[in-house]
Amino acid sequence: MNLGRNELSDKLMKDCGFGAIESRNVVDGVLDVISKTLAEGDPVVLRGFGKFRVLSKPDRMGRNPKTGKPKHIRARSVVAFIASGKLKGAVNESS
């Protein structure tokens, strides 16, 4: 199942009894707070779920997979997620 903002909002509405507008505002608010916190360079830790953090990737030389030619890859920031043990356990139980 692909769970986007709308689907997450609908699920929150059904499971928690929120109204449509209220559930959409909750989803948007939580995602905005996470995004802004990461943009400031701070990690976001959700106990029992996992940790989001920003990593800095340095300049490096890569290779075009089609042609094999070397290519310069600029430095950039990426978001990393580390799942908690509790989340890993829940995922493994359902498999």
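Lys11 has a relative accessible area of 41%, so Lys11 is partly exposed. Its side chain meets that of Asp15 in a salt bridge, with 3.4 Å from N to O. Please keep in mind that this is a predicted model.

**The Lys11 and Asp15 pair**

- Lys11 and Asp15 both sit in helix H1, and because they are four residues apart there, about one helical turn separates them.
- Asp15, the partner of Lys11 in this salt bridge, is exposed, since its relative accessible area of 55% is over the 50% cut-off.
- Lys11 at 41% falls between the 20% and 50% cut-offs, which is why Lys11 is called partly exposed.

**A network of salt bridges**

- How many salt bridges does the structure hold? There are three.
- One of them joins Asp28 to Arg5, and the closest N and O atoms of this pair are 2.7 Å apart.
- Another salt bridge brings together the side chains of Arg24 and Asp28, at 3.2 Å from N to O.
- Arg24 and Asp28 are four residues apart in helix H2, so they are separated by about one helical turn.
- Through shared partners, Arg5, Arg24 and Asp28 are joined by their salt bridges into one network.
- Is Asp28 buried or exposed? Asp28 has 19% relative accessibility, which is under 20%, so Asp28 counts as buried.

**How helices H1 and H2 pack**

- Helix H1 covers residues 5-16 and helix H2 covers residues 20-39; they pack at an angle of about 125°, and their axes are 8 Å apart.
- That angle makes H1 oblique to H2, and the crossing of the two helices is right-handed.
- On the H1 side, the contact is made by Arg5, Asn6, Leu8, Ser9, Leu12 and Met13.
- On the H2 side, the contact is made by Ala20, Ser23, Arg24, Val26, Val27, Asp28, Leu31 and Asp32.
- Sorted by class, the residues in this contact are seven nonpolar, three polar and four charged.

**Ser9, a buried residue in H1**

- Ser9 is found in helix H1.
- Ser9 has a relative accessibility of 4%, so Ser9 counts as buried.
- Which residues does Ser9 touch, leaving aside its neighbours within four places in sequence? They are Ala20, Ser23, Arg24 and Val27.
- Ser9 and these four partners are listed among the residues that make the contact between H1 and H2.

**Two residues of strand E5**

- Strand E5 spans residues 76-83, and Arg76 has its place there.
- Arg76 counts as partly exposed, at 36% relative accessibility.
- Arg76 and Arg60 are 16 residues apart along the chain, and their C-alpha atoms are separated by 10 Å.
- Setting aside neighbours within four places in sequence, Arg76 is in contact with Leu55, Ser56, Lys57 and Arg60.
- Phe81 also lies in strand E5.
- Phe81 has a relative accessibility of 35% and counts as partly exposed.
- How far apart are Phe81 and Phe52 in space, C-alpha to C-alpha? The distance is 4.6 Å, while in sequence Phe81 and Phe52 are 29 residues apart.
- Beyond its neighbours within four places in sequence, Phe81 is in contact with Phe49, Gly50, Lys51, Phe52 and Leu87.

Technical notes:
Residues numbered from 1 in each chain as written. Predicted model: local features only at pLDDT ≥ 70, side-chain atom pairs only at ≥ 80, totals over all residues. Heavy atoms only, no water. Axes fitted to C-alpha atoms, helices over the stretch in contact; angles between N-to-C directions. Parallel < 35°, antiparallel > 145°, perpendicular 65-115°, else oblique. Left-handed = near helix turned anticlockwise from the far one by under 90°. Contact = heavy atoms within 4.5 Å. Nonpolar A, V, L, I, M, F, W, Y, C, P; charged D, E, K, R; others polar. Salt bridge = Lys/Arg side-chain N within 4 Å of Asp/Glu carboxyl O. Buried < 20%, exposed > 50% of the residue type's maximum accessible area, 1.4 Å probe, protein only.
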